[in-house]
Amino acid sequence: MQDDTQYTCGSCGEEIVIPIDFSAGPRQQYVEDCPVCCCANVICVEISPEGEVSSWGKLE
Ligand SMILES: [Zn+2]
């Protein structure tokens with residue numbers, strides 16, 4: 001099973017790899033600062049019952 005995923009920073013367009021916290025539930029949303037440009041992105045992570053992970057980011 002994959003244990004990391006990625007999102008695209010809404011500010012600089014960089015792909016950022018993030019670890020998946022499976023203990024946090026099937027739908028997660030949190031704010032993280034882009035490590036490249038330091039803009040705050042809202043990260044959404046969805047884990048399907050089959051274990052497939054979708055994730056995306058948008059500017060806060
Ligand atoms: Zn960025």
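In this predicted model, residue C38 lies in the loop that links β3 and β4. The backbone of C38 has a phi near 70 degrees, which is a positive value in a residue other than glycine. Is C38 buried or exposed? With 10 other C-beta atoms within 10 Å, C38 is exposed, since the limit for that class is 12 or fewer. The loop around C38 belongs to a hairpin: β3 and β4 form this hairpin with six residues between them, and C38 sits in its turn.

The chain has five strands and zero helices, and from the N terminus on its elements run β-β-β-β-β. Along the principal axes, the C-alpha atoms fill a box of roughly 35 × 20 × 15 Å. The radius of gyration is 11 Å, which agrees with the value near 10 Å that a compact globule of 60 residues would have. Of the 60 residues, 12% count as buried.

Strand β1 (residues 4-8) is joined to β2 by five bridges, and the two strands run antiparallel. One example of this pairing is Y7, which stands opposite I16 in β2. The hairpin of β1 and β2 has six residues between the strands, and G13 in this hairpin takes a positive phi near 80 degrees. How many residues of β2 are buried? The count is zero among the five residues of this strand (residues 15-19), so β2 is hardly covered.

In which order do its strands lie? The order is β3-β4-β5, in an open sheet of three strands with antiparallel pairing. The edges are taken by β3 (27-33) and β5 (53-59); each has a single partner strand, so one side of each is left without a neighbour in the sheet. On average, neighbouring strands of this sheet are turned by 20 degrees against each other, with direction ignored.

The two pairings in this sheet can be followed residue by residue. Between β3 and β4 there are seven bridges in the antiparallel sense, and Q29 stands opposite C44 in β4. Between β4 and β5 there are also seven bridges, again antiparallel, and here V45 stands opposite S55 in β5. The strands β4 and β5 form a hairpin with five residues between them, and G51 in its turn has a positive phi of about 90 degrees.

How is I47 classed, as buried or exposed? I47 counts as buried because it has 20 C-beta neighbours inside 10 Å, and 20 or more is what the class requires. E46, with 14 other C-beta atoms within 10 Å, is partly exposed, because this count falls between the limit of 12 or fewer for exposed residues and that of 20 or more for buried ones.

Which residues does I47 touch, leaving aside its neighbours within four places in sequence? I47 is in contact with F22, P26 and V53. I47 and I20 are 27 residues apart in sequence, while their C-alpha atoms are 9.3 Å apart in space. For E46, with neighbours within four places in sequence again left aside, the contacts are P26, R27 and S54. E46 and W56 are ten residues apart in sequence and 9.1 Å apart in space, from C-alpha to C-alpha.

Note on methods:
Residues numbered from 1 in each chain as written. Predicted model: local features only at pLDDT ≥ 70, side-chain atom pairs only at ≥ 80, totals over all residues. Contact = placed C-beta atoms within 7 Å. Pairing = 2+ DSSP bridges. Helix = DSSP H or I, 4+ residues; strand = E, 2+ residues; numbered from the N terminus. Axes fitted to C-alpha atoms, helices over the stretch in contact; angles between N-to-C directions. Rg over C-alpha atoms; globule rule 2.2 N^0.38 Å.
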